[in-house]
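Hi everyone, thanks for making time this morning.

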Amino acid sequence: MPTYIYKCELCQKKFGIMHPVGKGPEVCVECGEEGGLVKERKVDQNVVIGANRYAVETKSTKERVEEHISKSREELRKQKEELEHFREEYRP
Ligand SMILES: [Zn+2]
C-alpha cells in the first residue's frame with residue numbers, strides 16, 4: 001500500500017498516511033477538519049511489500065534471501081527517516 005504525503009491547507013501541517021490507491025483521507029489527522037487536504041506526493045512503499053514477501057520466503061530459501069531483507073530494511077529505514085523529517089519540519 002502506498003504512503004502519501006498530505007498537506008492540510010487549514011492548519012498548514014504535513015503528514016504521511018498509508019492508504020489504498022484512490023482512497024484518501026477526508027479528515028486532517030492533525031486538526032480534524034474536512035476539506036483542507038491536498039495530496040503532495042507519493043512515497044514509494046515497494047520496499048515494504050518486498051520485505052514482507054521475502055520474510056515469507058525465508059522458510060525455504062533463508063540464506064539467499066537474507067541479503068535482500070537487510071537491503072530492504074536499510075531502504076525502509078531511510079524512508080522512515082524521510083517521513084520523520086517531514087513531521088519535525090512542519091510541527092510548530
Ligand atoms: Zn489540518
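First, a word on how elements are named: helices (H or I, at least four residues) and strands (E, at least two) are DSSP runs, numbered from the N terminus. By that rule, the protein has one helix and three strands, and from the N terminus on they come in the order β-β-β-α.

Please keep in mind that this is a predicted model, where local features need pLDDT of at least 70 and side-chain atom pairs count only at pLDDT 80 or more, while totals for chains, interfaces and linings use all residues. Residues are numbered from 1 along each chain as its sequence is written.

Now to the sheet. I call two strands paired if DSSP finds at least two bridges between them. In general, strands of a sheet pair through backbone hydrogen bonds, either parallel or antiparallel. Here, the three strands make an open sheet in the order S2-S1-S3, with antiparallel pairing. S2 and S3 are at the edges with a single partner strand each, so one side of each has no neighbour in the sheet. On average, neighbouring strands of this sheet are turned by 30 degrees against each other, direction ignored; the axes behind that angle are lines fitted to C-alpha atoms, for helices over the stretch in contact, and angles run from 0 to 180 degrees between N-to-C directions.

Let's go pair by pair. S1, residues 3-8, is joined to S2, residues 14-18, by five bridges. Tyr-6, for instance, has Phe-15 in S2 as its bridge partner. This hairpin has five residues between the strands, and Gln-12 takes a positive phi near 65 degrees there. On to S3, residues 37-43: six bridges join this strand to S1. Lys-7 is partnered with Val-38, and Cys-8 with Leu-37.

What is in contact with Leu-10, leaving aside its neighbours within four places in sequence? This residue sits in the loop between S1 and S2, and the answer is Cys-28, Cys-31, Glu-33 and Gly-36. Contact here means that the C-beta atoms, placed from the backbone, lie within 7 Å.

Is Leu-10 buried or partly exposed? A residue is buried if 20 or more other C-beta atoms lie within 10 Å of its own, exposed if 12 or fewer, and partly exposed in between. Leu-10 counts as partly exposed because it has 15 C-beta neighbours inside 10 Å. Across the protein, buried residues make up 5% of the 92 residues.

Terms used
Contact = placed C-beta atoms within 7 Å.
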